[in-house]
Amino acid sequence: SDHIAILNAYTEWQKARSHGHGRDFCWRNFLSENTLEMIQDMRFQFLDVLEEAGFLSAELGSGKSKDAAAPFRKSKHAALRSLSKHSYELELLKAIICAGTFPNVVTINQGKRFAKFKTREDGKVDLHPSSVNAKQNYFEEDWIVYSDKVKSSGIFIRASTMVSHFALI
């Protein structure tokens, strides 16, 4: 899964960063530290939205005023850690990705030598060569969800995750 690969890269960057090696981690793994910081900021924004919508306790931060941003940021890190107890449940993550990318669904028809991919709108599509899924010969599931598609010599899907029938229900 491209989405899970991004999540794993982010998680490992967080670990390296907590030990003061974030920049070195990015350099060794050809990652953009600015992009990873942007992802972190987006996570904090989602946390704020969930809190404002009443899905989370207001006790996540101990000072929401602008002049107390640093202590609140630290408490946001703690809040995200406490809210991430299911973050390693791969099937749950895939179901959430499926919900977030729906209706971007591809059917997989497993052939003898290689798989064929099809969307309802475009018919035949291919996995983008940069996808981690593009290197696979066998697919365990019959479905892939994706974030975007690109048209060049053909129609390619990028940022894809293989999901089960249950995730689509």
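Which residue forms a salt bridge with Lys124? In this predicted model, where local features need pLDDT of at least 70, side-chain atom pairs count only at pLDDT 80 or more, and totals for chains, interfaces and linings use all residues, the partner of Lys124 is Asp126, with the closest N and O atoms 2.9 Å apart. Residues are numbered from 1 along each chain as its sequence is written, and side-chain values use heavy atoms, with hydrogens and water left out.

A salt bridge is defined here as a side-chain nitrogen of Lys or Arg within 4 Å of a carboxyl oxygen of Asp or Glu. Side chains of opposite charge can pair when their charged atoms come close. Seven salt bridges were found in a search of the whole structure. Lys124 is exposed, at 59% relative accessibility, while Asp126 is partly exposed, at 27%.

A salt bridge also joins the side chains of Glu12 and Lys15, at 3.2 Å from N to O. These two residues are three positions apart in helix 1 (residues 2–18), so about one helical turn separates them. Helices (H or I, at least four residues) and strands (E, at least two) are DSSP runs, numbered from the N terminus. Glu12 is partly exposed at 36% relative accessibility, and Lys15 is partly exposed at 42%.

Between Glu37 and Arg17 the salt bridge has an N to O distance of 3.7 Å. This pair links distant parts of the chain, with Glu37 in helix 3 (residues 33–52) and Arg17 in helix 1, 20 residues apart. Glu37 has a relative accessible area of 28% and is partly exposed; Arg17, at 34%, is partly exposed. Elsewhere, a network of salt bridges links Glu121, Asp122 and Lys149.

The search of the whole structure also found two aromatic pairs. Rings of Phe, Tyr and Trp (its six-membered ring) pair if their centres lie within 6.5 Å; planes under 30 degrees apart count as stacked, over 60 as edge-to-face and the rest as tilted. The ring centres of Tyr10 and Trp13 are 5.7 Å apart and their planes stand at 50 degrees, so this pair is tilted. Both residues belong to helix 1, three residues apart, about one turn of the helix, and both Tyr10 and Trp13 are buried. The pair of Phe117 and Phe139 is edge-to-face, with 5.4 Å from centre to centre and 90 degrees between the planes. Distant parts of the chain are linked by this pair: Phe117 lies in strand 2 (residues 115–119) and Phe139 in the loop between strand 3 (123–127) and strand 4 (143–151), 22 residues apart. Phe117 and Phe139 are both buried.

A pocket is an open set of points on a 1 Å grid over the protein atoms alone, where a 1.4 Å probe fits, with protein on both sides within 12 Å along at least five of seven lines; lining residues have an atom within 4 Å of a point. The largest pocket has a volume of about 1,600 Å³, the volume being the space filled by probe spheres set on the points, which are joined across faces, edges and corners. Of its 34 lining residues, Leu7, Tyr10, Arg43, Ser84 and Leu93 are the closest to the centre. Helix 1 gives the largest share of the lining, ten residues.

How values were computed:
Buried means under 20% relative accessible area, exposed over 50%, partly exposed in between (1.4 Å probe, protein chains only).
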